[in-house]
Amino acid sequence: MLVDLVDRGLIRILDLAFVTKDPDGSIHAIDIRDIDGDGELDLTVFEGASSGLLDEGDLDEAGTALEAGSSAGILVYENVWAAPFARAVRRGGGQLVASGRIPVQALLAAAEAADSGAPA
């Protein structure tokens, strides 16, 4: 799915990293070239996706949030579609006064509420 979004020019991947938390609680970065640990190259299309925005502290923080025995991917991306829109707004005299993201869980809850007819 990420490759499709990149290929369609919707996003640009700036950083992509993976971490795992062992059953003993130790946190490790996972080599993106061999994500499943089978010795075969995986996800090579994303190899080198590293702008330097993510650092060891970010990986440790993500790992700390994990349950023991689980893994996570950390993705930093740019919404490429947004730049032309922002330029057009500025040319029209507009300005950005706030920005934010709606958590996926909140979107799913609102969609479920709408489907059931209950208030969100």
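Trainee: Which residues does Thr20 touch, not counting residues up to four places away in sequence?
Mentor: First, this is a predicted model, where local features need pLDDT of at least 70, side-chain atom pairs count only at pLDDT 80 or more, and totals for chains, interfaces and linings use all residues. Residues are numbered from 1 along each chain as its sequence is written, and side-chain values use heavy atoms, leaving out hydrogens and water. Contact means heavy atoms within 4.5 Å. On that basis the partners of Thr20 are Ser26, Ile27, His28, Ile30, Leu66, Ser70 and Ser71.

Trainee: Does Thr20 count as buried or exposed?
Mentor: Buried means under 20% relative accessible area, exposed over 50%, and partly exposed in between, with a 1.4 Å probe and protein chains only. Thr20 sits in strand β1 (residues 11–21). Because its relative accessibility is 17%, Thr20 counts as buried.

Trainee: In what order do the three strands of the open sheet run?
Mentor: Strands (E, at least two residues) are DSSP runs numbered from the N terminus, and two strands pair if DSSP finds at least two bridges between them. The pairing here is antiparallel, and β1 and β3 share 10 bridges. The order is β2-β1-β3.

Trainee: Which are the edge strands?
Mentor: Look for strands that pair on one side only. Those are β2 (27–30) and β3 (70–79).

Methods
Helices (H or I, at least four residues) and strands (E, at least two) are DSSP runs, numbered from the N terminus.
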